[in-house]
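Welcome to this short tour! Open your viewer, get ready to select residues by number, and follow along one stop at a time.

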Amino acid sequence: MDRIASILGQDPIALPPQTRIKAQTPDLDLSDTRISFGDALELGECGLLPLIAERNSSLGRQKQESTRLMYEWALKYGLDQCSPLNDQEWFQKARIAKTKDVEASVIKLLTQSEEADRIHSKINQPFATLAESRIEYINRTQPVAQLLTQALRKAAPPSNATITQFEESLLTWSQTQHHGSLHQAIIEARIWLQTANTLQRSALEANQMCPMGTPTERGRNMQIFIRNYFGGTIQPKLSSITRGLDELNSIWSGLPITLWTHDTLVDALLALPPGYRGELRKELGMHITNWQRLLQSCGLSARADTTNS
């Protein structure tokens with residue numbers, strides 16, 4: 001930042017402290033649907049009595065999120081198979097409630113679980129760079145997202161062996177700590193961009209880089225800085241962040257949810273307030289535009305000139 005200030009002939013601006021943002025996750029509760037004993041007896045031939053009894057117990061309502069998902073999934077699938085009861089009002093209400101509960105369980109697993117806390121933590125540094133973290137995250141997310149999509153698309157519940165594999169996949173997924181790494185990178189990048197953009201605006205308003213549009217030594221130093229240091233060091237880091245955002249959004253945009261928008265889900269995954277990601281992109285676009293305007297004011301371009309010599 002001091003280098004940018006020097007290049008632009010501005011007084012240095014100290015970067016403010018970089019802190020993690022504590023965003024409020026939207027409330028999302030499972031239904032309190034109960035199936036009476038009398039109604040449950042009608043489900044006997046569907047093999048759901050043990051699940052119903054467990055759900056109605058206080059112990060059954062206190063499960064870790066991954067186990068809760070498997071329970072809700074099995075109950076919803078079992079209800080779907082009991083077609084003879086489709087004309088019963090209590091049965092229809094139960095199916096609707098359980099459909100929402102499966103989705104709520106998926107969302108809570110991704111955003112309000114032990115795994116969600118672990119993947120957002122920064123206890124250690126699992127990967128040297130954000131790019132390495134991003135690649136590993138993509139690989140480890142695939143089996144997790146695949147099974148969650150099956151749950152939401154009303155597939156048959158998984159076998160015990162598949163559930164065990166899913167639990168293992170959840171653990172390795174959460175150990176990437178990628179949500180925490182990306183969160184921190186986004187916060188740092190936006191603070192950096194806001195400060196750099198302030199320096200750029202001051203330089204544009206002063207209009208002293210290249211009086212009358214004639215290239216000066218200061219203007220050519222700026223051009224060299226943009227081509228070399230900015231283009232080779234700063235821009236790749238900013239691009240890695242936006243690529244990480246794009247990839248994370250692409251991964252979870254395929255999840256067929258209705259209780260939340262996909263933007264809400266991504267914000268919750270990264271623990272960011274609504275609109276923060278959009279503001280980051282806005283600041284980045286402004287930063288690039290300001291460099292272009294400063295170069296144009298000096299009659300210069302970001303790319304090296306080519307000749308036939």
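What percentage of the 309 residues in the chain is buried? Buried residues make up 42%, where buried means under 20% relative accessible area with a 1.4 Å probe, protein chains only.

Before moving on, a note on the model: it is predicted, so local features need pLDDT of at least 70 and side-chain atom pairs count only at pLDDT 80 or more, while totals for chains, interfaces and linings use all residues. Residues are numbered from 1 along each chain as its sequence is written, and side-chain values use heavy atoms, leaving out hydrogens and water.

**Stop 1: the whole chain.** Switch to a cartoon view and you will find 12 helices and zero strands. Helices here are DSSP runs of H or I with at least four residues, strands are runs of E with at least two, and both are numbered from the N terminus.

**Stop 2: the core.** Select L8, L148, M222 and W252, which have the most contacts inside the largest nonpolar core, a set of 68 residues. Such a core joins buried Ala, Val, Leu, Ile, Met, Phe, Trp, Tyr and Cys residues through side-chain atoms within 4.5 Å. Now select residues 178-206: this is helix α9, which gives the most to this core, with 12 residues.

**Stop 3: W252.** Among the residues that W252 touches are L110, Y137, W173 and H262, not counting residues up to four places away in sequence. Contact means heavy atoms within 4.5 Å.

**Stop 4: two helices.** Show α10 (residues 217-253) and α12 (residues 276-297), whose axes lie 12 Å apart. Residues of α10 including F225 and L238 meet residues of α12 including L284 and W291.

Note on methods: Buried < 20%, exposed > 50% of the residue type's maximum accessible area, 1.4 Å probe, protein only. Axes fitted to C-alpha atoms, helices over the stretch in contact; angles between N-to-C directions.
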